[in-house]
Amino acid sequence: MMKIPLSKPLINEEIKAAVLRVIESGNFILGKECEAFENELAAHTGTRYAVLTSSCTTGLFLLYSALGLRAGDEVIVPSHTAFPSIEPILHHGAKPSFVDVDETFTLHPAHVAAAINSRTVGILPVHLYGHPANLDEILCIARRQHLWVVEDCAQAQGAAYQGDITGGRLRKVGSFGTAGAFSFFPSKNLTVLGDGGCIVANDDSLAHKIRMLRNHGREEKYVHKIPGWNMRFNEIQAAVGRVALRELEDRNRRRRKIALLYNELLRDVVSTPVERAYARAVYHMYVVRVEGPGAPEPRKTLQSFLQERGVATGIHYPLPNHLQPAVEHFFQSRGWRLPALPVTEKMAHEILSLPMYPELTAEAVDFVCDSVKAFFCNAGSFAGSPQTSS
């Protein structure tokens, strides 16, 4: 019996010392730590600018404000993603144009092209679970149709893409589109031990406007150029993030090794994650698909079985966004039709997130996989039917 959590944030002595350093400095909002963190984030991502915000969600809200997103505009998005990916679009009165995903759980380019109409202004590819979307095809579509592209990198800090657009070299996600958005929530690959996020971009005027909007629309302390909001970042979390950023590449390499071990041990048991040739995924989550034995709800039965053995699991996400009550009401109030997304809806019934964090030991991975195998070996006792999977 082991106790294995789903995720685990980085907390070490250097982080504790960084927090104390800020406390003793007496500076807490948008100071030198924030400025340094922004410069380091931009350098790591390969962009000219990074603008820290109070969360990834508020960062996207500010970005859409800076881009001039209006009520009635349409943004092409996957339904299979966290609700905060699409929430800022709703707050602007715009329409999330939901399309289906491919085997990597990211936007299917063919569906993106088919969804474009005269009201479409942008595309939001989400690099879900740490796997990059097909940026070559998505950006090609965007260029042809004169659309902006915002990369949702909330789960993909440090993930990289290698394709035609990169000339065959790896480039970090977030550096391809009009802008990129990152999250530092405690479960993320790069965390600040609380809510936090940033927008990265290469456009000077766009970055400058977001900086003003996050801080009451001002350039100087008592001079407000435009109406803004209070969506600022703080010095303590910036100091934490700077330490975590130095550890990120090593920790992402460890995630990839863990994913390879999972793949090897589970390949004949469940559907393991697909990683495309163009992608260097960073496995924010390790998500399998559960089908077959354990009927009528094999995933639910497996999840309960693992919980009894001390293995935490998650479902990211059980209800697609086009079926969320808030979205249904939003669409109905405007006379818009909700789409049918068969791939997304099928995935939502099958996906299961297994434990994934850099400190996860080979012994713990073995235990998780042995537990999954044990479930399927005894599937008949759960389903009342003979074993149908190895």
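View A. S175 is placed in the loop connecting β7 (171-172) with β8 (179-183); helices (H or I, at least four residues) and strands (E, at least two) are DSSP runs, numbered from the N terminus. The model is predicted, so that local features need pLDDT of at least 70 and side-chain atom pairs count only at pLDDT 80 or more, whereas totals for chains, interfaces and linings use all residues. Residues are numbered from 1 along each chain as its sequence is written, and side-chain values use heavy atoms, without hydrogens and water. S175 counts as buried because its relative accessibility is 7% (buried: under 20% relative accessible area; exposed: over 50%; partly exposed: in between; 1.4 Å probe, protein chains only). Beyond residues up to four places away in sequence, S175 touches T45, G46, T47, E151 and N202 (contact: heavy atoms within 4.5 Å).

View B. Five of the five residues of β1 (residues 49-53) are buried. Y49, V51 and T53 lie on one side, and A50 and L52 on the other. In a regular strand, side chains alternate between the two faces of the sheet. Strand β9 (residues 197-201) runs antiparallel to β1 and is joined to it by five bridges (pairing: at least two DSSP bridges between two strands). V200 is the bridge partner of A50.

**View C. The largest nonpolar core.** This core comprises 45 residues, with L63, Y64 and I210 having the most contacts inside it (nonpolar core: buried Ala, Val, Leu, Ile, Met, Phe, Trp, Tyr and Cys residues joined through side-chain atoms within 4.5 Å). Helix α3 (residues 56-67) contributes the most, with seven residues.
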